[in-house]
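Here is a short report on one chain. Look over the sequence and the model, then read on.

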Amino acid sequence: MSNVLNLLSESTYIEKMDMQNALLKAIATNGGGGGDTPVEVESWAVVQQLVRLGIAAKVFSIGDQLVCNHATYGKLTWDIIGIDHDTPVNSEYTHSLTIQLHDCLGTIFQFDAAEPTNPDTNRQSYGSNNWSESGIRQWLNSAGNPGTWWQAKTDYDVQPTYATSTAGFMKGLDADFLATVGEVSKITAKNTVTDGGGSDTTTEKFFLLSLTEIYGGLNNSISEGVVYPYYSDNSALTAAGTGTDANRIKYRNGSAQYWWLRSPYPSYSYAVRHVGTTGTVDSGHIADYSGGVAPACCII
């Protein structure tokens, strides 16, 4: 593998190589990407080198699948949903490879828990739809043990039900994979009832996708990013969020699941956008209900 890494430092030489065959053979234990066979990556550091050299698009295609391991969740299959779509927070780097889990991790995950002391009566019963303060965002970006990773973000915050029994998502991920995941900025609309409308811009490592990133269009006049090519180029929809669309259906153990977006339903303080079992966008799912999670991240 060291010889491959040495070659990668010579970008002018690589440009003359058969990129698809030589480099995919170097990173995969079971052959190349493209087609129907997910690639079990032998070295995520090599994938990162390809991204940083700006030649990922010469090796990979939108829809290719890469596999890493997780101590709790087993083999995780990631779809490539964007190449140079997201801009790294670290200005030292200019390229990215955005990947999202092909299926749901599970169905036990509340977006946020009910907050009995919140002055907003709906949040008392149903939780908050504010992504930046959400329990699910904390879980995705923690390697903590059960009972350690959650911290209150507001005076009214309550930990989700799975916090005491489930380790943070990053705990158990392959270290080789985790070392290649970088930070990007994300825009998320805010509800107009308690949070004043408008949007938040947050720095994310592991994140849920937005309404705009899945379906295009706006969320209450807010553009929450740009639709990913994986969804825009493989869509059966005639308009954002309308009709059924197989490309947006995600499964758990063979059954189609509801899965969370990070976007609020903006005219409520507690309702969160999610994707239904037929691939349609749902107007809002109560934040403290359980649902599926299909996180995304960027190799930078």
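## The sheet

In what order do the strands of the open sheet of 6 strands run? The order is β1-β2-β3-β4-β15-β6, with mixed pairing. β1 (39-40) and β6 (181-182) stand at the edges with a single partner strand each, so one side of each has no neighbour in the sheet. Strands pair if DSSP finds at least two bridges between them. Helices (H or I, at least four residues) and strands (E, at least two) are DSSP runs, numbered from the N terminus.

The model is predicted: local features need pLDDT of at least 70, side-chain atom pairs count only at pLDDT 80 or more, and totals for chains, interfaces and linings use all residues. Residues are numbered from 1 along each chain as its sequence is written, and side-chain values use heavy atoms, with hydrogens and water left out.

## Pairing and packing

Strands β2 (residues 65-70) and β3 (residues 74-83) are antiparallel, with 6 bridges. Leu66 has Trp78 in β3 as its bridge partner.

Helix α4 (residues 44-52) packs on the sheet. Helix α4 touches β2, β4 (97-101) and β15 (296-299). Contact means heavy atoms within 4.5 Å.

## The core

The largest nonpolar core has 62 residues. Such a core is a set of buried Ala, Val, Leu, Ile, Met, Phe, Trp, Tyr and Cys residues joined through side-chain atoms within 4.5 Å. Buried means under 20% relative accessible area (1.4 Å probe, protein chains only). Trp78, Phe177 and Phe206 touch the most other members. Beyond four places in sequence, Phe177 contacts residues including Trp44, Trp78, Phe206 and Ile299.

Conventions
Axes are lines fitted to C-alpha atoms, for helices over the stretch in contact, and angles run from 0 to 180 degrees between N-to-C directions. Buried means under 20% relative accessible area, exposed over 50%, partly exposed in between (1.4 Å probe, protein chains only).
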